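Subject: Structure handover

Hi,

Here is the structure for your work.

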Amino acid sequence: MCGIIGVTSRGNAIDQIYPGLLALQHRGQDAAGAVTFNQGFQLKKGNGLVLNVFNQKNLERLKGNIGIGHVRYPTVGAGRVEDAQPFIITIPYGIALAHNGNLVNFFDLKKFLIEHELHYLNSNCDAEVILNLLSLELTRMNLRNLGPELLFKALSRVYKKLIGSFAVVVVIANKGLLAFRDSNGIKPLIMGRKENNYCFASESVALDLLGYSKMEDIKPGESVYVDITGHLYKKRIASGRKKTCIFEYVYFARPDSVIDGIGVYESRLRLGEELGKICLKRKIKPDVVIPVPDTARGAAEMVAEVLNVKHREGLIKNRYIYRTFIMPTQTERIEAVRLKLNPIKSEIKGKKVLLVDDSIVRGNTSREIINLLRSVRAKEVYYASYSPPLRFPCVYGIDMQTRGEFIARNKSIPEIQKSIGADALIYQTLKGLIKAVGNGTQGFCTACFSGKYPTEIPPLLLERIEADRMMAKIPDIEE
Ligand code: SF4
């Protein structure tokens, strides 16, 4: 998961890119970068948070009224500063590109580029592969004047090579700003308009902040191009069935965002409502419902409403421990839970507590939280996840577990309950998840729950991801 932004502006684009990246910080805390164009490209990128990478001096250097930015979540094989985005290439035009997603045929494409000595690649990041393929197609077209039709034609050739998820923003020097989304629209991408200025971003929250009122989602397979005069061109480059990542609504996206017309907060409320109904059927009768902060707040409120019991903040999160907080060994990870969360004893002691969480990955965090509640004398602890059991790795850019590490992969629900030490364990159903998020609409990737991947998966890809994970010790999504 990463965050991207692209801006055309009357003033300096960085004045919007920088606050936009701050609004997208939750999508990646590993690295940040931006590039603007003003006669030449000005680039700044580095490892760390947006606030650490940028300062007054480098922001002043990033001049120009067109630019793109990126925040990175660590993915397999991409953790060095060389892998930070955006990337720039100078042929056949200056092109700068930033991307959110994951190409499942990345290794094949990289091999193709290197074997044919077409381009030298300096990173392990698939954004560089997309950039080089675009440069290659534009070079092959041997153009004097690049207009939108020819650009879309080159892009359609690039699309034919890409398999996986991608949401991309591109600056073409002296030409314009291009944005496009994969044919399934797995990763979100939204466009805002303010007079003749445009902004593309991973989430609507960035556009809200920047005062863009007119917004529309880029459709699956669609590309939008804004030339330097401010004219907008759109084209459906590839047809495909919409399969937006359902985990965006469960966990990744900010609750104040709207993705493909569905409010993230509202979808979490509905997920809580569905979960509450399951708890009712199971005759779970807690004294109090407590969310595992921060994501589960809205859902927990709805569970409490359905069960007609109190909702309380019983766990307080240290907000200065970021998602990238890495503990190298299992023991240290367990201790990390204590650093992150502290219980409010008065809300817990002597009570039957129903904890509501967004998901359960390995089960270690759930076990630690339950222990924490027992240590302050909760009478009983029930655990409820408003998403179904996670069983399959994500191949579209989210680093979850290897298959063997998912607690639900080889354990039944009663076995998981026993393993995490809960008095009851309640999971959302897949049907309930789709119903609650979709609110009458369909078209989601649910592969990490269902194993049904919306794209072709190259043979041995899952094994390769698992091997890379073992080697790299990438931090998992926060449980
Ligand atoms: S596999 Fe899961 S996390 Fe990955 S894109 Fe699909 S729904 Fe999202």
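Axes here are lines fitted to C-alpha atoms, for helices over the stretch in contact, and angles run from 0 to 180 degrees between N-to-C directions. Helices (H or I, at least four residues) and strands (E, at least two) are DSSP runs, numbered from the N terminus.

Two notes on the source. This is a predicted model, in which local features need pLDDT of at least 70, side-chain atom pairs count only at pLDDT 80 or more, and totals for chains, interfaces and linings use all residues. Residues are numbered from 1 along each chain as its sequence is written, and side-chain values use heavy atoms, with hydrogens and water left out.

Domains

The chain splits into domain 1 (3-242) and domain 2 (263-472). These bounds come from an automatic or database domain assignment. The C-alpha centres of domain 1 and domain 2 are 33 Å apart.

Sheets

Two strands pair if DSSP finds at least two bridges between them. Within it, β2 (residues 31-38) and β4 (residues 66-72) pair antiparallel over seven bridges. Alanine 34 has glycine 69 in β4 as its bridge partner.

Another open sheet has five strands in parallel pairing, ordered β18-β17-β21-β22-β23. β18 (310-311) and β23 (424-427) are the edge strands, each pairing on one side only. β17 (residues 288-291) joins β18 in the parallel sense over two bridges. Valine 288 is opposite lysine 310 in β18.

α9 (residues 264-281) lies across β21 (352-357), β22 (380-385) and β23, and runs at about 140 degrees to β23. α13 (residues 364-375) lies across β21 and β22, at about 150 degrees to β22.

Helix pairs

Two packed helices are described by the angle between their axes and the distance between the axes. Angles under 35 degrees count as roughly parallel, over 145 as roughly antiparallel, 65 to 115 as roughly perpendicular and the rest as oblique. A crossing is left-handed if the near helix is turned anticlockwise from the far one by less than a right angle, and right-handed if clockwise. Contact means heavy atoms within 4.5 Å. For residue classes, Ala, Val, Leu, Ile, Met, Phe, Trp, Tyr, Cys and Pro count as nonpolar, Asp, Glu, Lys and Arg as charged, and the others, Gly among them, as polar.

α9 packs on α10 (residues 297-307) at about 40 degrees, axes 7 Å apart. That makes α9 oblique to α10. Their crossing is right-handed. The contact residues of α9 with α10 are 10 nonpolar, three polar and four charged.

α4 (residues 106-115) packs on α5 (residues 126-140) at about 45 degrees, axes 10 Å apart. α4 is therefore oblique to α5. This crossing is left-handed. The contact includes Phe106 and Leu109 of α4, and Val129 and Leu133 of α5. By class, the contact of α4 with α5 has seven nonpolar, one polar and two charged residues.

α5 also packs on α6 (residues 148-161), at about 130 degrees, axes 9 Å apart. α5 and α6 are therefore oblique to each other, and their crossing is right-handed.

Best wishes
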